Amino acid sequence: MSISFTNEQRAYIAGFLDGDGCIMFQNIFRKDYRFGYQIRASVVFYQKKEYRAHLDWLHSIFKVGYVRERNDGMAEYTIVGLGPVMSVLSQLEPYLRLKKRHVQLAKNIIDVLSPKYSRITPHKLLKASRLVDDFKWVNYSKKRTNTSIVVEQFLKRKKFLSP
C-alpha cells in the first residue's frame, strides 16, 4: 500500500493515534483455520459521531478499512490485517510518542509470522501468540480470554504440539 501524504500530516495522524487511537493484536479462535487460531492486527481511531468526517478523511488517505458509527455516540475507523496495519504503522512510527512500544511489539509479531519464513507452524503460532499477550500490558487490557496459554492448550489437545 503506497500512501502519499506530507510529513506534517503523518505527524498529525500519529498524534491522533497516540491520543484517540488503539493498536491491537489478538488471538482469535477460528474453526476454519488449520491450527485453530488467527492473530488479528487492528488499528482503530475513535471520535464522536459529530466528527465522523475526520475519520472519513483518514479513510480517504489510507484507502483501507472502514468507518462505522456505534450506538454509544462514537464513530470509529478500523484497519484490520497484518499487512495494512504494518503499512500504516511504518508511515506513522517516526512521529508516535505514546504508542512506540506498541509498534515494536507489532514488528516482533510480524517477524515471527513474516512470509520470509516458511508456512505457519504450531510453534510459530505459539511464539507469536506469546508476543500478542504483551499487548495486554501496553493496552491495559483486563478481559483477554484467548491468551497464549489457551492457544497452547488447544494445540496440545489437537496434538499439534507434544504435551
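How accessible is E93 in relative terms, and how is that residue classed? E93 has 22% relative accessibility and counts as partly exposed; buried means under 20% relative accessible area, exposed over 50%, and partly exposed in between (1.4 Å probe, protein chains only). The model is predicted: local features need pLDDT of at least 70, side-chain atom pairs count only at pLDDT 80 or more, and totals for chains, interfaces and linings use all residues. Residues are numbered from 1 along each chain as its sequence is written, and side-chain values use heavy atoms, leaving out hydrogens and water.

The structure holds 9 salt bridges, each a side-chain nitrogen of Lys or Arg within 4 Å of a carboxyl oxygen of Asp or Glu. One of them joins E93 to K107, with the closest N and O atoms 2.9 Å apart. K107 lies in helix α4 and E93 in the loop between α3 and α4, so the pair ties together parts 14 residues apart in sequence. Helices are DSSP runs (H or I, at least four residues), numbered from the N terminus. K107 is partly exposed, at 30% relative accessible area.

E152 and R130 also form a salt bridge (3.5 Å, N to O). E152 belongs to helix α7 (residues 148–157) and R130 to helix α5, so this pair links parts 22 residues apart in sequence. Both E152, at 21%, and R130, at 42%, are partly exposed by relative accessibility. Salt bridges with shared partners join R68, R70, D72 and E76 into one network.

A further salt bridge pairs R52 with D56 (3.2 Å, N to O). These residues are 4 apart in helix α2 (residues 52–62), a separation of about one helical turn.

Helices α4 (residues 100–113) and α5 (residues 122–133) have axes that come within 9 Å and cross at roughly 175°. Axes are lines fitted to C-alpha atoms, for helices over the stretch in contact; angles run from 0 to 180 degrees between N-to-C directions. α4 is therefore roughly antiparallel to α5 (angles over 145 degrees). Contact (heavy atoms within 4.5 Å) involves residues including L105 and I109 of α4 and A128 and L131 of α5.

The largest nonpolar core has 45 residues. Such a core is a set of buried Ala, Val, Leu, Ile, Met, Phe, Trp, Tyr and Cys residues joined through side-chain atoms within 4.5 Å. Its largest share, 6 residues, comes from α4.

V85 lies in helix α3 (residues 82–92). V85 is buried, at 0% relative accessible area.

Methods:
Helices (H or I, at least four residues) and strands (E, at least two) are DSSP runs, numbered from the N terminus. Angles under 35 degrees count as roughly parallel, over 145 as roughly antiparallel, 65 to 115 as roughly perpendicular and the rest as oblique.
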